[in-house]
Amino acid sequence: MPEDVELSLNILEGFLNVIEFIALCISVTTFFFIMLNKFSKALKRLLAPYGLRLWQRLRALFVCRRSPLKKRAFLEFALLKSGGRPLPSAQWKAIVNEFKAHYVEGSREQVYVLENCTPLLGEAFAAAVLAYFRFFSDPGVRKAFGMQEGEPMRWVTTLRIEEAYATPTCLLTGLLARYEENWGDFIRRYISTAYIADADEDGQALILSEELYMTFAWLLWGPSYELEHTSYWSGLCQLSFGDESNSVPAVAAPAVAPAIAERFNGNAGKRYGELMTADLALYEGSAYLKGLRAGVLPEEAYFYDKVQEQLPFFLQIDACRPCEGYKAKKYYCTAYVWLLFELEDEERYDFQPENSLAFFEHANLTDKATYLFLTETLLRKAVLHFERVFSDPKYAKRKYRFVCAFNRDIEQKFAEAFARRAQAGDALAPAFAERILPQPKRTPANAFAAFDEFFSRTERYSFMEVDIKDNRTVSDLANFYAEVYMECFPDADERESFDNLLKYLKNAEESTAYNYHIVLAKDEKGTVIAGGIFDYFKRTNAGIIEFIAVRQNLQSGGVGSAMYRHILTALAGDAFRNGKSGADYVFCEIEDPACNAAPVKKYLYFWDKYKFRRIGMRYIQPALSGAQKPVHGLWLVVSALGGEDEIPCETVLGVIADYMRYAMGIPSPEASEEYRAMARELAASPAAKLFPLLEK
């Protein structure tokens, strides 16, 4: 009997060992299935960052186990539900359950219904879609999910927007940023540009600050521009919900584009756009644009490129039907109606955003009466503004050129309204006839591209210090000298030779009394766009900026300010290495405005902004070589970091002596006639007074 019990126990133990082995195999197999399964990787890569945890991933694996199509559909469903934002675990459980009810087995078309376009807006959703397409760019992943070679990168889910107000326009949000704009940078750019807007002494060269404000206000929310759709249309439009800023760009497929264009044209008598229910396919942006580009009008390629810059996807309208009933009749969708002008400069062809003027009104596009009323208000506003400007003798020479308008209809109304005003027969009629130029110099896309560059260029350059031992940086210095420096210093007596710059770099390496810097700014293409030369003198713990030079077409765009900030950082490093907490003073040579023939002394506003003040003395720059003459038409200005109203004359003379000795190559500054003349003037008082650069 005991033998039988022992045998039974051994058999049971063996059976349990087999069961345990099988369970272990199942666990190992399950583990590797979870870890190595492409769908599991997709769930972890694309959805785990938004809160999808292991248990819900297992549920999704089980729900979608049989169909590659269903797996992709789940990923897309989850991205739409989450919007690319983290969700709690309970919501992910609900999403898995909702998907089981949503998915139609055996159907190749999976439709996700949206009430409006707002779930597709914002950087979070765009980033989630970008991650999706990046994951599926791998050939192995595409094969595992049943995607054929050469199949376009698109969602299997069709998006149906029930309320999509379609207009043949493109939102120009790209003029500033993406949907979530950086307001701080925008406001700083306005303040920086407006700072000098009213400095035009004869009222001709610069836009007025109130005009600049209207342009910035127009840009703030991102206006739209109407694309050609009456004779030939590449299909780009926007689908809005209530306002143009709440919109997504979409491209009408060739099969539906003629019908949509016909609806746009047929609505001209009652409304601007069309309220529709639209079925959309979501494509990866770059590949879709490549296939579309052949059918895009060349002058409108800019707008398609802007969509690709803003979003990683394109939405294609594959089907649509007009909405009927009371909602369609009483719907509203607002957008700016606008006119854009520029201050005429006969010597320039390129568009300058800082010299542009926009008039705008926020109109309801779905109601023809309000659209027409606000269009007329827009024209009247423009006429009233120009009447005020033209009646002021200070602006007697100012001319304005028309750039473009929201659409061709408003452009035509502008031409008619201003022609009537020019024929009015009153005292201002000749001004409207002669000083409003109706013919644009360029296409609208060129103007919009200039806005893009204006608002982004300050972030697209890097700084580089010239090293005499580095031939690459010396070569860049040569380019800067020929293309920027020579243009900024036309007076040969003020200009250092290129050989002297190299000599000063070499001399600085052999001295412990001072630091000599040449810094260049390069854009993203590697072109040198600006440069600055400055020195730090250890004896006086002071820096002197010899100059900051920026390519003329980039001036007043923030490059000089960034260079100045870079210089201050470098001087602080020099002072720190000299055992100081920072430089006590920063000096600079600038041109005496009395000797400057330019009507606008923009450089004064630049240095005044950084608290520089003129030293009360007649400054004389010694001759830079035997072939050059001393320069008398300069000011020596200083930024006293402590905010003093005067500066010790001993400090001023010490800085001048060091500057002449080290930066100009004059061995004995005290023996030069120019130095002695300045020393005699400063000897009358222990401290020199500091005066503002501008009349307050």
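Of the contacts in the protein chain between residues at least 6 apart in sequence, 75% join residues at least 24 apart. This is a predicted model. The protein chain holds 23 helices and 22 strands. Buried residues account for 54% of its 696 residues.

**Helix pair H2 and H4**

- Two packed helices are described by the angle between their axes and the distance between the axes.
- Helix H2 spans residues 38-47 and helix H4 spans residues 68-82.
- Their axes come within 11 Å and cross at roughly 10°.
- Angles under 35 degrees count as roughly parallel, so H2 is roughly parallel to H4.
- On the H2 side, the contact is made by Phe 39, Ala 42, Leu 43, Leu 46 and Leu 47.
- On the H4 side, Lys 71, Phe 74, Leu 75, Ala 78 and Leu 79 make the contact.
- By class, the contact of H2 with H4 has 9 nonpolar residues, no polar residues and 1 charged residue.
- Lys counts as charged, and Lys 71 of H4 is one of the contact residues.

**Helix pair H11 and H12**

- Helix H11 covers residues 285-292, and helix H12 covers residues 301-310.
- The two axes come within 10 Å and cross at roughly 170°.
- Angles over 145 degrees count as roughly antiparallel, so H11 is roughly antiparallel to H12.
- The crossing of H11 and H12 is right-handed.
- H11 contributes Gly 285, Ser 286, Leu 289 and Leu 292 to the contact.
- H12 contributes Tyr 304, Asp 305 and Gln 308.
- By class, the contact of H11 with H12 has 3 nonpolar, 3 polar and 1 charged residues.
- Asp counts as charged, and Asp 305 of H12 is one of the contact residues.

**Cysteines**

- A search of the whole structure finds 0 disulfides.
- A disulfide needs cysteine sulfur atoms within 2.5 Å.
- The closest cysteine sulfur to that of Cys 323 is in Cys 320, 9.9 Å away, so the gap is too far for a bond.
- Cys 323 counts as buried, at 17% relative accessibility.
- Cys 588 also counts as buried, at 1% relative accessibility.
- The cut-off for buried is under 20% relative accessible area.

**Backbone at Asn 541**

- Asn 541 has a positive phi of about 50°, although it is not a glycine.
- Asn 541 lies in the loop between strand E15 (528-537) and strand E16 (542-550).

Terms used:
Residues numbered from 1 in each chain as written. Predicted model: local features only at pLDDT ≥ 70, side-chain atom pairs only at ≥ 80, totals over all residues. Heavy atoms only, no water. Helix = DSSP H or I, 4+ residues; strand = E, 2+ residues; numbered from the N terminus. Axes fitted to C-alpha atoms, helices over the stretch in contact; angles between N-to-C directions. Parallel < 35°, antiparallel > 145°, perpendicular 65-115°, else oblique. Left-handed = near helix turned anticlockwise from the far one by under 90°. Contact = heavy atoms within 4.5 Å. Buried < 20%, exposed > 50% of the residue type's maximum accessible area, 1.4 Å probe, protein only.
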